[in-house]
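Student: I would like to learn how to read the main features of a protein model. Could we work through one together?

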Amino acid sequence: MGKPLFYEILEKPATSCIIGICSMIWFYIQKKNIGYSHVGLSYETAVEGHHWRIITSAFSHISVIHLVFNMSALWSLGVVEQLGHLGLGVEYYLQYTLVLVVLSGVLVLAMYHLLIQRFKLEYFRRVTAVGYSCVVFGWMTILSVKQPSSKLDLFGFLSLPISFAPFESLIFTSIIVPQASFLGHLSGIVVGYAIAWGLIHGMSNYWALSLLGWIALVFVLSLKRSGAVDLNFLEIESVTDPSLPSVRFLASNSGRTLQMSALPNGNVEIV
């Protein structure tokens, strides 16, 4: 008999929080009748400046089956939080989850760009990706390198050897679920191997918080630029300043103004 759920939650605090966040977002999407096109990531929307979708697409799920499958796999992969003796653990899990969310989204867009611009496959211009699968496949891959003897448990009864799980799952989902994003899953695997093999390394709490800060800034500015959310309190304007670039909020009668100084010999407008 396994441990009570309460104790497992305490052993996987970060995983439990992420599952809770994804579940609440799914409930909100269902309640507000929001479609995948409103939160998903596509090449077309990215070109239009909707960079915030890299984040919203990762944590959004449209169908309950999609949510249950991803969260079931993520729960099993939460064992990473318990492997501090292997150099993993809770901090490692949180730091590189952030990396996986951002880089897998960027890599998907890069693949779309290559297929559209190089091979003239216009179909990929409007393909919309949504779901936490990129991160799930990334952690599958990392665990397959760091702890190849582990098992991936799905739905409480299906168990896969973790060493083969990334590509088994990639093929399985592509056959069983034709709508599954092959490129999205593949991007998670690629970034996962880059992390596991040490090509991407050196993350610490400082760098994770710095990255989080930049993500938050780009998220807000791209929301403002795209007009997806009404941010009347935020005015963005360019100024000419010979000093190094800086970003600051200034109080004004109409609210707050975000100003960014420009490099010499030119104006920089954050839109």
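The dialogue below goes from the overall chain to its core, its annotated spans, its surface and its salt bridges.

Student: What does the secondary structure of the protein chain come to?

Tutor: This is a predicted model. The protein chain has eleven helices and five strands. Of its 271 residues, 41% count as buried. The accessible surface comes to about 15000 Å², and carbon and sulfur atoms hold 66% of that area.

Student: How do I read the contacts in the protein chain by separation?

Tutor: Take the contacts with a separation of 6 or more, then ask what share joins residues 24 or more positions apart; in this protein chain that share is 66%.

Student: Which residues of the largest nonpolar core touch the most other members?

Tutor: A nonpolar core is a set of buried nonpolar residues joined through side-chain atoms within 4.5 Å. Here the largest one has 37 residues, and those touching the most other members are Leu74, Leu77, Tyr132, Trp139, Leu152 and Ile195. At least two residues each come from helices H2 (13–32), H5 (53–59), H6 (64–77), H7 (90–117), H8 (133–146) and H10 (182–196), and also from strand E1 (151–154). Another core lies apart from it, with 13 residues including Ile54, Val108, Tyr112 and Ala129.

Student: What does Leu77 touch, not counting residues up to four places away in sequence?

Tutor: Leaving those sequence neighbours out, Leu77 touches Val136, Trp139, Met140, Leu143, Leu152 and Ile162.

Student: Which residues does the UniProt annotation "transmembrane region" cover?

Tutor: An annotation comes from a record, and can be set beside the model's geometry. The unreviewed UniProt entry gives "transmembrane region" for residues 12–29, 58–80, 92–116, 123–142, 154–175, 182–200 and 206–223. In the model, residues 12–29 are 94% helix and 0% strand, with 26 Å between the end C-alpha atoms. Residues 182–200 are 79% helix and 0% strand, and their end C-alpha atoms lie 23 Å apart.

Student: Which residues make the nonpolar surface patch?

Tutor: The patch is made by Ile171, Phe172, Ile175, Ile176 and Val177, and its area is about 500 Å². Phe172 is found in helix H9, residues 165–176. Its relative accessible area of 45% makes Phe172 partly exposed.

Student: What is the N to O distance for Glu122 and Arg125?

Tutor: Their side chains meet in a salt bridge at 2.7 Å, N to O. Glu122 is partly exposed at 38% relative accessibility, and Arg125 is partly exposed at 22%.

Definitions and conventions. Residues numbered from 1 in each chain as written. Predicted model: local features only at pLDDT ≥ 70, side-chain atom pairs only at ≥ 80, totals over all residues. Heavy atoms only, no water. Buried < 20%, exposed > 50% of the residue type's maximum accessible area, 1.4 Å probe, protein only. Helix = DSSP H or I, 4+ residues; strand = E, 2+ residues; numbered from the N terminus. Contact = heavy atoms within 4.5 Å. UniProt positions renumbered as here; feature names shortened; annotations may be inferred. Patch = residues over 30% accessible without salt bridge, like charges linked within 9 Å, V, L, I, M, F, W, Y side chains within 5 Å. Areas by Shrake-Rupley, 256 points an atom, 1.4 Å probe, with all protein chains shown as cover. Salt bridge = Lys/Arg side-chain N within 4 Å of Asp/Glu carboxyl O.
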